[in-house]
Amino acid sequence: MNDYKIPGAIIRDHSVTVPLDWSKPDGPTIKVFAREIAAPDGRERPLLVYLQGGPGGKAPRPGGGAPGWLSVALKRFRVLMLDQRGTGRSTPVQGRAFAAMSANQGAHYLSCLRADSIIRDAEHLRKALFGGQKWYTLGQSYGGFLTLTYLSLAPQALLGCYVTGGMAGIRASADDIYRRTYPRVADKNRQYFQRYPQDQAVLDQIADMLTDQDIRLPDGDRLSVRRLQYLGMDLGMSDGFESLHWLLDEAIADDGQLSDSFLGRMRETTSFDQNPLFAAIHEAIYAQHGQPTDWAAERVLAEFPEFAAANRPLLFTGEMIYPWMFDEIRALRPFAGAAQLLAQMPMEAALYDLDRLAANDVPVTAAVYTDDMYVDLDLSLQTARALGNVRMWLTNEFEHNGLRASTQVLERLFDMEDGLDGFNCYSR
């Protein structure tokens, strides 16, 4: 185990072998990787495990482009960047491997990549490499969901938890989630076109072109209207309106056709090359107690006809995953059979223990964004009321990516924990 240095930090890499299926410890194994980061004078500080958003996102890498919150955290912690199973250096999911599997094999593999398995991985790391010492967690978005699972499965491991934009609806089904999400996405569309009213005509023009012509992306995929709509994924981020506007601003070339730069950005933005797992297990993160998801976003979409691809004016959709993606998007095709079976699979594991959460005595300090497009405010408040020992900061100052966008978010949570800032907090 060798340390190495980058400007302002000392790094130590860790890797362990764990069962793919924790219910079958003698079966196939995978590797789980985590990177320990410390300030040069902070090797003896307590450990903070970062639980990345997603699902299917690897932990941030230190150095150039590292999130600003990391410098704040390193002042009081060593930070353990966990690559959740299936991501980064933790036996990453590969399309070529799934292409060689049967649909049943692939669906089983995907079912082993959910929150309960991720938390069991973390517990194995804690006991095997860190002597069983208790630690803190910081959960962003889906990482907040993981935090609630951690508090359900192994609260004795935790000294405290920080959550940003990730107070999951612990009783909500996938159908519940999407019935609440579509209206929020429609509202973000309204706000976007109020800011950039000229973009509606551009979007509709592109949609008409895609309806009438066979337009291909640089990788050969046909660009459909519904894939165009998926650009709305970024409408819930602090810079999402601007990045989408400048993309549409250069979409039409002088000859009246779609520009090469627009088609290149479309491929990059909607290809899932870097994170097919996000699509493959997206709805499965909500399923428990024997529920299958059965393509909830697709079914619930029928209740919101304003999002129909034939409509003009056209609306963007959000982070919803649809079955057509596994046919139309090259990087997702190897997962098509497994994803279809996963959508029909009853998920028996309980991700949250409601009694344990109600009796929780681990301090939880959470930032909840009142205008969050991805995580429903009412469900977050319901969860807070059902969770013991939580202090919650309600704010409309930030979008869902507030932790990445500003160091103020983590600084505020630390101040709340230290008793230095009690303004606008909900306590239970």
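Biologist: Which way does α4 pass α5, in a left-handed or a right-handed crossing?

Modeller: α4 goes past α5 in a right-handed crossing. Bear in mind that we're looking at a predicted model.

Biologist: What makes α4 and α5 "roughly perpendicular" to each other?

Modeller: Helix α4 (residues 115–129) and helix α5 (residues 142–153) pack at an angle of about 65 degrees. The label covers 65 to 115 degrees, so the pair counts as roughly perpendicular. Their axes are 9 Å apart.

Biologist: Which residues make that contact?

Modeller: From α4 you get A115, D116, I118, I119, R120, A122, E123 and R126, and from α5 there are Y142, L146, T149, Y150 and L153. Sorted by class, that contact has 8 nonpolar, 1 polar and 4 charged residues.

Biologist: How do α3 and α14 cross?

Modeller: Helix α3 (residues 103–111) and helix α14 (residues 336–344) cross at roughly 65 degrees, and their axes come within 7 Å. The crossing of α3 past α14 is right-handed. On the α3 side, A103, N104, G106, A107, L110 and S111 take part, meeting G337, A338, A339, L341 and L342 of α14. That contact has 7 nonpolar and 4 polar residues, with no charged ones.

Biologist: What makes the length of α7 close to the expected one?

Modeller: Helix α7 (residues 198–212) has 15 residues, and at 1.5 Å a residue you'd expect 21 Å. From the first C-alpha to the last, α7 reaches 22 Å, which is close to that.

Biologist: Which residues of α7 are buried, and what do they pack against?

Modeller: The buried ones are D199, Q200, L203, D204, I206, A207, M209 and L210. They pack against α6 (174–195), α8 (225–229), α9 (240–249) and α10 (260–270).

Biologist: Why is S15 called partly exposed?

Modeller: Its relative accessibility is 45%. Buried means under 20% and exposed means over 50%, so S15, at 45%, counts as partly exposed. S15 sits in strand β2 (residues 9–19). Leaving out residues up to four places away in sequence, S15 touches K31, V32, F33 and L129.

Biologist: H289 and W295 each have a positive phi of about 55 degrees. What makes that worth a remark?

Modeller: Most residues other than glycine have a negative phi.

Biologist: Is W295 buried or exposed, and what about H289?

Modeller: W295 has 12% relative accessibility; buried means under 20%, so W295 counts as buried. H289 has a relative accessible area of 55%; exposed means over 50%, so H289 is exposed.

Biologist: Where are the cis peptide bonds from G54 to P55 and from R312 to P313, and what are their omega values?

Modeller: The bond joining G54 and P55 has omega of about 10 degrees, and P55 lies in the loop between β4 (47–51) and α1 (69–73). For R312 to P313, omega is near 5 degrees. P313 belongs to the loop between α12 (296–301) and α13 (325–328). As a rule, most peptide bonds are trans.

Key
Residues are numbered from 1 along each chain as its sequence is written. This is a predicted model: local features need pLDDT of at least 70, side-chain atom pairs count only at pLDDT 80 or more; totals for chains, interfaces and linings use all residues. Side-chain values use heavy atoms; hydrogens and water are left out. Axes are lines fitted to C-alpha atoms, for helices over the stretch in contact, and angles run from 0 to 180 degrees between N-to-C directions. Helices (H or I, at least four residues) and strands (E, at least two) are DSSP runs, numbered from the N terminus. Angles under 35 degrees count as roughly parallel, over 145 as roughly antiparallel, 65 to 115 as roughly perpendicular and the rest as oblique. A crossing is left-handed if the near helix is turned anticlockwise from the far one by less than a right angle, and right-handed if clockwise. Contact means heavy atoms within 4.5 Å. Ala, Val, Leu, Ile, Met, Phe, Trp, Tyr, Cys and Pro count as nonpolar, Asp, Glu, Lys and Arg as charged, and the others, Gly among them, as polar. The expected span of a helix is 1.5 Å times one less than its number of residues. Buried means under 20% relative accessible area, exposed over 50%, partly exposed in between (1.4 Å probe, protein chains only).
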